Amino acid sequence: MTSAPIVVHRPSLLGGRRVTVHSSGRDEILGTAYSDHDLVVFLEGAGVAEPEAVLDDPQWVEWRGGHAHEFNAA
């Protein structure tokens, strides 16, 4: 694998970050996270066993276009 399967995209102009997961050769949008809690809920729904443990693991999650754990408007 060349990149993390979960991408937290840059903060939007209105706040929140789109979250996608790469699976079976395609990207699926999980939703827009406005907090780490939202992100954990999305990852649980995607079948990640211990989502809190992978948030800062670059093999699992790639934070794009901003600092990790920041969800305020761009």
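This is a predicted model: local features need pLDDT of at least 70, side-chain atom pairs count only at pLDDT 80 or more; totals for chains, interfaces and linings use all residues.
Residues are numbered from 1 along each chain as its sequence is written, and side-chain values use heavy atoms, with hydrogens and water left out.

**Fold and dimensions**
- The protein chain holds two helices and four strands, arranged along the sequence as β-β-β-α-α-β, where helices (H or I, at least four residues) and strands (E, at least two) are DSSP runs numbered from the N terminus.
- The radius of gyration of the protein chain is 11 Å, which agrees with the value near 11 Å for a compact globule of 74 residues; this radius is taken over C-alpha atoms, and the globule rule is 2.2 Å times the number of residues to the power 0.38.
- The C-alpha trace spans about 30 × 20 × 20 Å along its principal axes.

**Burial and contacts**
- Of the 74 residues, 34% count as buried, meaning under 20% relative accessible area with a 1.4 Å probe and protein chains only.
- Among contacts (heavy atoms within 4.5 Å) with a separation of 6 or more, 42% join residues 24 or more positions apart.

**His9**
- His9 lies in strand β1, residues 6-11, and is buried, with a relative accessible area of 14%.
- Not counting residues up to four places away in sequence, His9 touches Arg17, Arg18, Val19, Thr20 and Arg64.

Note on methods: Buried means under 20% relative accessible area, exposed over 50%, partly exposed in between (1.4 Å probe, protein chains only).
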